[in-house]
Amino acid sequence: MATGEQAMTEREIARALARVESAKTVGLGEAAALLAARGPELERLTAVARRVRDAGLTDAGRPGIITYSRKVFIPLTRLCRDRCHYCTFVTTPGQLSREEQSPFMSPDEVVAIARRGAELGCKEALFTLGDRPELRWPEAAAWLAEAGYDSTLEYVRATAIRVLEETGLLPHLNPGVMSWAEMSRLKPVAPSMGMMLETTSRRLHETMGLPHHKSPDKDPSVRLRVLEDAGRLNVPFTTGLLVGIGETLEERADSIFELRRIHREHGSIQEVIMQNFRAKPDTAMRHVDDVPLEEYLAAIATARIVLGPGVRLQAPPNLVDLIECRALLDAGVDDFGGISPLTPDHVNPERPWPQIDKLEQLCQDAGFELRERLTAHPAYLDVPWLDPRLKGHVDALRGSDGLADPDARPTGLPWQEPDGGWETSGRADLHTAVDTEGRLTDRRSDFEDVYGDWAMLREKVRKAPALVGRALGSSDVASALRAAEVHPAGLSDRHALALMTAEEGPALEAVCALADDLRREAVGDEVTYIVNRNINFTNICYTGCRFCAFAQRKTDADAYTLSLDEIAARAVEAVDVGATEVCMQGGIDPEMPGTIYADIARAVKSVAPSLHVHAYSPMEVMNGVARTGLSLTEFLSSLKEAGVDSLPGTAAEILDDDVRWVLTKGKLPTSQWVEVVTTAHRLDIPTTSTMMYGHVDHPGHWVTHLQTLARIQKDTGGFTEFVPLPFVHQSSPIYLAGVARPGPSLRDNRAVHAVARIMLHGLVDNIQCSWVKLGPETCVHVLNGGVNDLGGTLMEETISRMAGSTNGSRKDRAELEAMAALAGRPARQRTTLYEAMSRPAAVSA
């Protein structure tokens, strides 16, 4: 019996039942009341759950179909750093030694199980293992090192590839807690992944003697972060609850609501497992009663109603008696999960799988058809959910309805990069046509669903004052200015915020004047610029950045991709007009190979060896890391060897994850951005630094962002400049959806550039303004308030122009120099690294 069950009154249960029977929404307290339903009340509850389930199956185009996956269970390692009180799966190195077993299964052992499963018609290879055993057990770390792997997760990746290539089974990975970067590296080798949430109860984690105490990976906040990262990465994810481990009804309800929240925001939870606790001998919870069947059924039915018809709901058929599987169906499940004809349930070895023919008959008696599915449900078997490298493996096993083809038998297929030879396609003239014809549509074709639930985002921003409006800071600008005059880079949070929020008039003018004095002290009066060319080699992108108007689906009217020959030709054009740099970035197109980044750099250097290649944001770097399987250091080194000379520090947006996860769905988190740029700096690859502001952020975020950049620069010295990027709103999805505000004001622009100069004084000498985003008039303002650089001539600029910027795509030298002259300053051309250079007389740009 769940704690608090008796506290629910019959009246509370009746009220909650009446609401769901009337198809009304329920809150947390009402869901807890539903969880307490028993007897006749439970029958009413399950009747509603069945109606919700049946409606969902009809909507999915599979009325009356219950699914399962024919699988093999691969316990890659039974070592774990956690100490869950109910687990018999986990063992110790000593016990393994006594049993003459290795800390990990060997690759050959894994493939042998998978191959035998394929012969028996299995299509899924379920990898289940303990969390990061190398962090607890030296024996695990030694085994991995001897085998040539840095971590358990790297070994998981390698064995998954072998299973794909040698057996054709589809890996489903359950390796426990993963970081954003680790998950992005595993996505190309598995159609789906999973990790049970189990519970959101902090009490069970923090209280001595309770099930998750001293289990770091069972921290609910950590597990929720994994689920959210899976959503951001478009990873089809299986999760669920472990019912009856000591959680209260309120905690159980909260767990269900958290799963609903995450799925509504990301759409990535492909199925929710409601697993009943069963006590096992030789565990700390061996004397705890199994969860009663009625309580379990109430949990299933409540989850079905709260999660809604669109979520697939699973209950393991081996954790109840076969006859009780009918009760699971009656409570609203539509999936029985994985069933193996070969391997036991290693987590619950005392509970054998039901015979599939008997389960089929039970479903038939209940009016359903039992059908085999693949490891990922049909809705998740295409881009962006499925990595293109897995498409051949999936297509070989799925039928026309997306479920498993009953006649298909797995066969090993190569796992490899897509063909590196791609052609120019789509609207390849967009770099010029964007100025003459504009974009053909005002938004991408999947606007309504690719970014998540817009209504939920609007509500999230509305309820979070920290994400809107202007932060309240000290009004004592005079005191902050005195502090800044003494130690500009050492400002307190309060003083920095006071300067950042200085009101128009004398206060703001004083801040800008101080910034200009510091600019003069750091770099003198010359305004610098570079003759360069942007090449955005594709705008096909599936990361789901909510602010980006540049990204397109492959079939959109404005979508394009440039071939290597076209990129090289544009580099030659740049050299012909005197450019010294080419800046290259593109969308994250999953159909391009991970080698694209090095291939492009080599193509440019082969025809224009004199060009400085300034290329690839940290997001593109991490895409390359995930797709090639190289470490971050190895991948950056490979780019350097291919000809990349520096990286743009874009994809920073605001270095605060609360803001980032409103702005973007799939971009890298703050910590990963920091790791990319600091690793680049350690490899002597310089980067720029940026900040995009004026959307759902506030001045407090701007200050924190600049402090983060300052800390990095103190450590590495690798930033060449800081470039504030005002949000261009006109065609931005997040603005069109009513979530973001329409960009920064003139006051904001002046304050950001000026305070950046102040806070980065002595650390980053060069503060650049973006003429394509600000326009010439505002550039003159900020040139008189701390800015010393106008950026580049660009030659083409599609990102800002597609977002609605009206300031053109190119400037020639004369136009940039005229801008400097309006500010009363001389101008000179520079290199990427701010070295002086003589101006060629024979060319113009």
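How many bridges join strand 11 to strand 19?

Modeller: The model is predicted, with local features needing pLDDT of at least 70 and side-chain atom pairs counting only at pLDDT 80 or more, while totals for chains, interfaces and linings use all residues. Residues are numbered from 1 along each chain as its sequence is written, and side-chain values use heavy atoms, with hydrogens and water left out.

Strand 11 (residues 527–530) is joined to strand 19 by three bridges, and the two run parallel. Strands here are DSSP runs of E with at least two residues, and helices are runs of H or I with at least four, both numbered from the N terminus. Two strands pair if DSSP finds at least two bridges between them. Within this pairing, Thr-528 lies opposite Arg-828 of strand 19.

The pairing belongs to an open sheet of three strands, ordered 18-11-19 and paired in parallel. Strand 18 (789–792) and strand 19 (827–829) are at the edges; each has a single partner strand, so one side of each lacks a neighbour in the sheet. On average, neighbouring strands of the sheet are turned by 20° against each other, direction ignored. Such angles are taken between N-to-C directions, from 0 to 180 degrees, using axes that are lines fitted to C-alpha atoms, for helices over the stretch in contact.

To recap the part you asked about, strand 11 has strand 19 as a parallel partner, and the order 18-11-19 places strand 11 between the other two.
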